[in-house]
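User: Hello! Could you walk me through a structure that is new to me?

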Amino acid sequence: MIHEKEVAQARNHEPFEFFGYSDKSWDYDGARIETFSGDTELARGLWLYETPGHTVGHCSVLVDGDRPLLFAMDVAYTAAAMERGIQPGFHHTPVDGVRSIARVKQLAADRGAEIFLSHDMEGWQGYTHAPGHYTV
């Protein structure tokens with residue numbers, strides 16, 4: 001499943017997006033491509049929220065439940081960037097990126113969700129990784 005705007009962008013990307021869209025193995029005659037647009041609930045409590053800016057079809061993932069988790073991915077790379085409203089490495093438009101940062105912050109506040117960022121090593125070092133949850 002892919003955002004409908006992302007398909008068009010991948011097929012006709014800007015020169016600076018070459019590496020981001022270089023793998024076109026999904027795009028062949030007879031390929032069955034399922035697209036979506038708008039905020040989408042994939043399964044009960046698993047939401048995709050449109051947060052464009054990094055790419056035209058970028059989404060953040062909310063796992064809603066007892067402990068809501070909001071995976072902002074590339075909306076902002078680090079907590080410091082999120083706090084300051086900076087989206088480094090945008091592929092689409094910095095205006096959408098700034099609006100998406102505000103959207104992620106509001107979603108997290110509304111749902112009481114913890115935000116996880118894709119490039120934040122300081123935060124990652126404090127996570128309890130999967131093996132830390134197991135006992136032998």
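This is a predicted model: local features need pLDDT of at least 70, side-chain atom pairs count only at pLDDT 80 or more; totals for chains, interfaces and linings use all residues.

Residues are numbered from 1 along each chain as its sequence is written, and side-chain values use heavy atoms, with hydrogens and water left out.

User: What span does helix α3 reach from its first C-alpha to its last?
Analyst: Helices here are DSSP runs of H or I with at least four residues, numbered from the N terminus. α3 covers residues 94-111, which is 18 residues. The expected span is 1.5 Å times one less than the number of residues. The helix comes close to that expectation, reaching 26 Å.

User: Which residues of α3 are buried?
Analyst: Buried means under 20% relative accessible area and exposed over 50%, with partly exposed in between (1.4 Å probe, protein chains only). The face turned away from the buried side carries the exposed Arg99, Ala109 and Asp110. The buried residues are Gly97, Ser100, Ile101, Val104, Leu107 and Ala108.

User: Is glutamine 87 buried or exposed?
Analyst: Glutamine 87 sits in the loop between α2 and α3. Its relative accessibility is 10%, so glutamine 87 counts as buried.

User: Which residue has its backbone oxygen 3.0 Å from a polar atom of the glutamine 87 side chain?
Analyst: The backbone oxygen of aspartate 74 lies 3.4 Å from a polar atom of that side chain. The one at 3.0 Å belongs to valine 75.

Key:
Helices (H or I, at least four residues) and strands (E, at least two) are DSSP runs, numbered from the N terminus. A polar contact is a pair of N or O atoms within 3.5 Å; within protein, one must be able to donate a hydrogen and the other to accept it, and residues adjacent in sequence count only if both atoms are side-chain atoms.
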